Amino acid sequence: MTKSLLWGSVALAALAVPALAEMNFNRIASFPVTTNFSGEVPEETSAEIIDATDDGMTLVYTDSPAGVIGAIDITDPANPQPLGTMAMDGEPTAVSIIGTTAFVGINTSESYTAPSGMVKAIDVTTMTELARCDLGGQPDSTAKAPDGSFIAIAIENERDEDLGEGRVPQMPAGDLVMIDVVDGSLNCDSLIRASLTGLAEVAGEDPEPEFVDINSLGETVVTLQENNHIAVVARDGSIVSHFSAGAVDLEGIDATDERAAMIFTESQPGRVREPDGIQWIDDTHFAIANEGDMDGGSRGMTIFAKDGTLIHETGPAFEHAIVQIGHYPDKRSDAKGVEPEGMEFGTFNGTPYVFVMAERASVVGVYDVTEPANPVLAQLLPSGISPEGAVAIPSRGLLATANEYDGLEDGAARAHVMLYQYSEAPASYPHLTSEGMAELTGWGAISGMVAGTGSTIYAVNDSFYGYQPTIFTIDASTTPARIVDATPVTRAGRPAQKIDMEGITLDGEGGFWVASEGRTDRVVPHALYHIAADGSIEAEIGLPPELMAVERRFGFEGITRVGDTLWMPVQREWKDDPENHVKLVSYNIETEEWGYVRYQKAAPEKGWVGLSEITAHGDWVYVVERDNQHGLEAETKKVYRIPAAEMMPVALGEEAPVVSKDLVRDLIPDLTSTGGYVLDKVEGLAITEQGEIFVSTDNDGVDDHSGETMFFSIGSPGAAN
């Protein structure tokens, strides 16, 4: 039996308005690219490079896997509407808009050795082609002159990464093309080429132009990523200046993969920048995003003067800030870390900002560059998976990002375009941070929580960080909530192995009980662990034969204590469970007796539905019931409560009663309250002594995930009684 107990809307803790508001960017909407297809949706879609019409009412993005450009009506930016797609007869790689004309670079290459491409002029209002120009090579990026008089196109003629270990040179060489724009269309006869050969010390005969931008003087700045070089080109194609992008000595980074732990004690001296994105700040200064390619990637942003003078280097500071908000992609440690790739620039209310997109961290860094020699990291914005392009629309106070990763094949979220509003309001993200700790502390994959005294909440990470199992202490009284301590879970003085912590509860004596979700095929036992306050494991309790005989992969997800009894929900059906029924397993600490009751969960519309947390409070036991779906596919993300009086276990092997449940809250409105798509893994629920309920999501260690962690309060059910 299910009864409804939905209480009134309660503002998220992370959105509490301070006494004095300030100007910030906050996400207001997410647009799934799949909704732009009126018929069959391709198996892979993307949103890569994006621009806006001059009135700021329409967005156009490139979708290279589908071979189309897509358009979005943002008349109401909080409710973007699909305008459909248009096939490009090739692979669209970039787009720049002047007025209502989109200039689209299109790769038509048949091979790496015979590159080809074109640029099309598309009337965005009618989605019709106005003109096209042959480019004689493979276009990678486009830029528009501020006065709308011409466009510049980087002809990369990209290398074959499977040939000669992917090293350059590989002919033919790339160059820079500039074409006049007349009456809103292309004048192909005006096309000029600027040679970039012979400039760089690294494979100078094979420049591979990557990204371009144009200042008000008509000068185009271009990154030669594989060559680790930068060139400034005049409107007539002559070289104004050129210089090496140089190198950075990185300290305090994690440069080792395959250890499932974030340890920021390593260094990379002389790490070449190999920049990708580039943006003019003014007619003299520009910023680069140091993604890296063949040999480098310095994980940050650099500001240069156009004569090559180094103005500012962020070093690892950008990445360190990302670490603190839980977005560090540990699996990319041995590569290029957070990989700053795309960039955008815009002046909002008189403040110039550079937007740096960290592709692997799925974060947009917002830098105030009022003083180019002293940029200030003002915000970190959550984005979809792998932000590639962005467009600033200062006239409307908007920023849009294009997020290229389509996670359909990997069971992750699909590609999205996201919109942000610049307004007088507090920053709504992050919800949780480790900023302020004495040491740089990475975190992620929060899987279970329990409330301590006052505003303290304890949380555990799961087996994604298999060599770094940790109990985090969170102060939930601040906005954002802050991690103030991180206690390693140890066995014999070393990080505990073969443990997948999915739930935590207090033992009443200063320590904890933790539930580990086993996985027999990986020799990870289903087990309970008694853990001391210092993180050392004091006792390990395996499951009895009666449960092991029917176990499956999806085991304990959460743990709570009622007196001497521990309760653990099994996430999904085991071999002896009726369809859509799961066990709530009990273990008596004193008698060592096992038992269970059954819980009826929702039948899935798609994928599966299971339990992911349990917390006892007062006369009720609360559980989180969720499906494994994202975004528009999500149906079940709910908190239910069970009368504690019905939690009367029977012995294993006996027929168990099915407990009743009351619906406490549908979490989908909470999960979309900050403008994002619905995250799949709601895994943490803690109730304070005062009855306030906190909820958190698991970001999967930023692996095939946006890295976003939501941590918020939904108030107290008692307030509605």
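Student: Why does Asn36 count as buried?

Tutor: Buried means under 20% relative accessible area, exposed over 50%, and partly exposed in between (1.4 Å probe, protein chains only). Asn36 has 3% relative accessibility, and therefore it counts as buried. The model is predicted: local features need pLDDT of at least 70, side-chain atom pairs count only at pLDDT 80 or more, and totals for chains, interfaces and linings use all residues. Residues are numbered from 1 along each chain as its sequence is written, and side-chain values use heavy atoms, with hydrogens and water left out.

Student: Where is Asn36 found, and what does Asn36 touch?

Tutor: Asn36 belongs to the loop between strand S2 (23-32) and strand S3 (50-52); helices (H or I, at least four residues) and strands (E, at least two) are DSSP runs, numbered from the N terminus. Contact means heavy atoms within 4.5 Å. Not counting residues up to four places away in sequence, the residues touched by Asn36 include Phe31, Tyr61, Pro82 and Leu83.

Student: What makes the approach of the side chain of Asn36 to the backbone oxygen of Ala71 a polar contact?

Tutor: A polar contact is a pair of N or O atoms within 3.5 Å; within protein, one must be able to donate a hydrogen and the other to accept it, and residues adjacent in sequence count only if both atoms are side-chain atoms. A polar atom of the Asn36 side chain lies 3.1 Å from the backbone oxygen of Ala71. The distance of 3.1 Å is within the cut-off, so the pair qualifies.

Student: Why does Cys133 count as buried, and why does Cys188 count as partly exposed?

Tutor: Cys133 has 3% relative accessibility and therefore counts as buried. Cys188 has 31% and therefore counts as partly exposed.

Student: Why is strand S9 (residues 117-123) said to be largely enclosed by the rest of the structure?

Tutor: Seven of the seven residues of S9 are buried, so the strand is largely enclosed. In a regular strand the side chains alternate between the two faces of the sheet. Here Gly117, Val119, Ala121 and Asp123 point one way, whereas Met118, Lys120 and Ile122 point the other way, and all are buried.

Student: What makes S9 and S10 a pair?

Tutor: Two strands pair if DSSP finds at least two bridges between them. S9 and S10 have six bridges, in the antiparallel sense, so they pair. Val119 stands opposite Cys133 in S10. In the hairpin of S9 and S10, four residues lie between the strands, and Met127 has a positive phi near 55°. Strand S8 (residues 101-107) also pairs with S9 in the antiparallel sense, over seven bridges, and Ala102 stands opposite Ile122.

Student: What makes strand S11 (139-144) and strand S14 (185-194) edge strands?

Tutor: Four strands form an open antiparallel sheet in the order S11-S12-S13-S14. Strands S11 and S14 each pair on one side only, and they are the edge strands. Within this sheet, S12 (residues 150-155) and S13 (residues 175-182) pair over six bridges, with Ile155 opposite Asp175.

Student: What is called a nonpolar core, and which residues have the most contacts inside the largest one?

Tutor: The term denotes a set of buried Ala, Val, Leu, Ile, Met, Phe, Trp, Tyr and Cys residues joined through side-chain atoms within 4.5 Å. The largest such core has 37 residues, and those with the most contacts inside it are Phe25, Phe355, Leu399, Val639 and Leu667. Among the elements that each supply at least two residues are strand S29 (387-393) and helix H3 (668-671). Leu399 is in contact with residues including Phe25, Phe355 and Leu381, its neighbours within four places in sequence being left aside.

Student: Why is Trp594 called buried?

Tutor: Its relative accessible area is 16%, so Trp594 is buried. Trp594 lies in strand S46 (residues 594-600).
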